[in-house]
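Subject: Structure handover

Hello,

My notes on domains, a helix pair and pockets follow below it.

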Amino acid sequence: MSRIHTPASIHDAPEASKGSLEAVNKLLGSVPNLFRIVANSPETLEGYLGLNGALGKGSLSPQIRERIALAVAQINGCNYCLAAHSYLGTNLARLSKAEIEAARRGTSSDAKAAAAVSFAVKITRNRGAVSDSDLQAIRDAGYSDAEIVEIIGNVALNTLTNYINEVLGTEIDFPVVDTLAA
């Protein structure tokens with residue numbers, strides 16, 4: 001059970017959040033608990049949706065973005081986001097189970113994707129303190145400066161949702177995933 005009120009429906013959300021939630025419903029066909037709990041703050045919901053939408057228009061593929069989301073959620077211990085991004089990774093990004101597990105472990109069987117995920121892992125674990133050699137490695141993997149900034153943006157976006165879900169105890173409404181074996 002969530003630690004704060006989760007509106008049961010769009011109708012129960014604050015008035016200023018209803019339009020955003022209706023847009024989520026139109027896009028996804030439902031309104032997952034994350035969006036409904038964030039709707040308690042219309043401004044935070046607007047900010048989250050704005051950044052998510054902007055990054056979705058970037059040059060990183062949905063597959064890379066889902067891999068980053070999985071790696072960040074794994075490091076931050078966010079079971080809600082692990083469940084959500086395992087579902088989205090499978091059903092929208094069409095990642096294999098092996099790729100989802102690899103992303104959770106901070107890598108990929110695809111060398112370029114592995115570089116992005118590894119960089120995201122370093123950013124997350126080191127709270128942004130990456131070395132010159134870390135930056136050179138991501139450049140050497142073929143990422144532009146714009147894509148490097150997008151990787152950082154995706155780490156920040158996913159850290160936001162990880163923290164929201166962990167602090168508020170958002171009830172998981174996606175298929176729950178197992179913990180990784182050591």
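Into which domains is the protein chain divided? There are two entries: domain 1 (10–56) and domain 2 (62–168). Their bounds come from an automatic or database domain assignment.

Ground rules before the rest. This is a predicted model, with pLDDT of at least 70 needed for local features and 80 or more for side-chain atom pairs, while totals for chains, interfaces and linings use all residues. Residues are numbered from 1 along each chain as its sequence is written, and side-chain values use heavy atoms, leaving out hydrogens and water.

**Domains**
The C-alpha centres of domain 1 and domain 2 lie 23 Å apart.

**Helix pair**
Helices are DSSP runs (H or I, at least four residues), numbered from the N terminus. The axes of α3 (residues 42–56) and α9 (residues 145–168) come within 10 Å and cross at roughly 145°. Axes here are lines fitted to C-alpha atoms over the stretch in contact, with angles from 0 to 180 degrees between N-to-C directions. The crossing is left-handed, meaning that the near helix is turned anticlockwise from the far one by less than a right angle. On the α3 side, the contact is made by Thr44, Tyr48, Leu51, Asn52 and Leu55. From α9, the contact residues include Glu150, Leu157 and Ile164.

**Largest pocket**
A pocket is an open set of points on a 1 Å grid over the protein atoms alone, for a 1.4 Å probe, with protein on both sides within 12 Å along at least five of seven lines; lining residues have an atom within 4 Å of a point. Volume is the space filled by probe spheres set on the points.

The largest pocket has about 890 Å³. Its lining counts 33 residues, with Leu28, Asn52, Glu66, Leu88 and Leu92 nearest the centre. Asn52 also belongs to the α3 contact with α9. Domain 1 and domain 2 each give at least three residues to this lining. Elements giving two or more include α1 (15–28), α4 (62–76) and α9.

**Second largest pocket**
About 170 Å³ lies here. The lining includes Ser86, Lys97, Glu101, Arg104 and Asp178. Two or more residues come from each of α5 and α6 (97–104). α6 gives the most, with 4 residues.

Regards

Conventions: Contact means heavy atoms within 4.5 Å.
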